[in-house]
Amino acid sequence: RGLWEVFFLDGMMLPAIGEGDSAKKRLVRVGIAGQIVSLCLVGTSGSSALLARRGWTMPMLQSFLTYLCIGVFYSGLVLYRGQDASGIRGGVMTSGMDARMIGVFLAFAISDVEANFTIVKAYQFTNLTSVTLLDCFTIPCVVCLSAVFLGARYTWVHGAGVVTAVAGLILLVYTDLKAAEGEVPPPSPGNGGKRVLGDVLTLVAATLYAVSNIMQEHLTGIDDWRKVLAGLGIAASGISGLQCLFLEYDSIAFYPWSFVDLLLLSSYVACLFAIYTLVPQILMLSGATFLNLSLLTSDFWAVLFGVTVLKETVQWTYFVSFAATVAGIVIYHSKGEPVKSGGGSREEE
């Protein structure tokens, strides 16, 4: 297979893992793709943290450029593949959309836009390590949303895992409360007393990402993932573009642009574009459990990046929080994905 096939795997051509004689080979390929996504997550986090240290205050511009690239690329790809153009305009279904489906898609686009905006904004107040670990709050949010909207049935093992992970997050917030009192150096100049605000923004972003993930799981289950991305790119670029115009016009106009800024911005867009491209394909080939286990390594890489590149001060409580958070997620996934009665996952297919 060429480079095109590596980045644009066709879920209809490659059967689910466990079928056929080449299941082990496909497992390795999906595992490698998961680690690529993990490293890309560190790329987006590192780029945002470095931009924040340079005085960058335009998180919506980062999102707008990413969604614009996604919309233009995947709209063109869907047209090139001969898909019905109405599927792009509607965003998902070629056979028409009722009010409920329009609402689901809009919730997907809005939650995704605001999640990306909020998580980038958080880097202006807290450090990379805190954002990385607190972002795991997405797990308990997904648990609640899945139970309510997808009819997921959880076991006590799932609950124990969530409680353990949340305990780690609470310890991290406590550490940052101490940092705000001046016990550890501030994450960036002028923001010494606002680290907790960064934690709160990260928790809000994690909640919005959970909503986005539930919507994406539903939408990719009923139509081609390329059309879903095309619709997301078009809708989200419009939403983020308007917010960028009203909230960041002056910042864009008067910002002292440099080659380093453009390089970091391009790195962020490229990494996030790769994430949006690979995640739905990994979900189709292996399911959410394998994906989330693969992405656990992003926490390790992000902490390593923060300590070595950003020279952040890491307290011993960070390691305890990291261990508790990872242990909770591993406990949760040790029982496998919960059974969903409101629309089966791809793992069940």
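Which cysteine sulfur is closest to the sulfur of cysteine 40, and how far away is it? In this predicted model, the closest one belongs to cysteine 271, at 4.7 Å. A disulfide is a covalent bond between the sulfur atoms of two cysteines. The cut-off for such a pair is 2.5 Å. The sulfur atoms of cysteine 40 and cysteine 271 are therefore too far apart for a bond. In total, the structure holds zero disulfides.

Cysteine 40 is buried, because its relative accessibility is 11% and the limit for buried is under 20%. Cysteine 69 has a relative accessible area of 37%. That value makes cysteine 69 partly exposed.

A helix pair was examined next. Helix H7 spans residues 138-149, and helix H9 spans residues 195-220. Their axes come within 8 Å. They cross at roughly 45 degrees, so H7 and H9 are oblique to each other. The crossing of the two helices is right-handed. On the H7 side, the contact involves Thr138, Cys141, Val142, Leu145 and Ser146. These residues meet Ala206, Thr207, Tyr209, Ala210, Val211, Asn213 and Ile214 of H9. Eight of the contact residues are nonpolar and four are polar. No charged residue takes part in this contact of H7 with H9.

A further helix, H14, covers residues 316-334 and includes alanine 327. Alanine 327 is partly exposed, at 31% relative accessibility. Valine 162 is 165 residues away from alanine 327 along the chain.

Terms used:
Residues are numbered from 1 along each chain as its sequence is written. This is a predicted model: local features need pLDDT of at least 70, side-chain atom pairs count only at pLDDT 80 or more; totals for chains, interfaces and linings use all residues. Side-chain values use heavy atoms; hydrogens and water are left out. Buried means under 20% relative accessible area, exposed over 50%, partly exposed in between (1.4 Å probe, protein chains only). Axes are lines fitted to C-alpha atoms, for helices over the stretch in contact, and angles run from 0 to 180 degrees between N-to-C directions. Helices (H or I, at least four residues) and strands (E, at least two) are DSSP runs, numbered from the N terminus. Angles under 35 degrees count as roughly parallel, over 145 as roughly antiparallel, 65 to 115 as roughly perpendicular and the rest as oblique. A crossing is left-handed if the near helix is turned anticlockwise from the far one by less than a right angle, and right-handed if clockwise. Contact means heavy atoms within 4.5 Å. Ala, Val, Leu, Ile, Met, Phe, Trp, Tyr, Cys and Pro count as nonpolar, Asp, Glu, Lys and Arg as charged, and the others, Gly among them, as polar.
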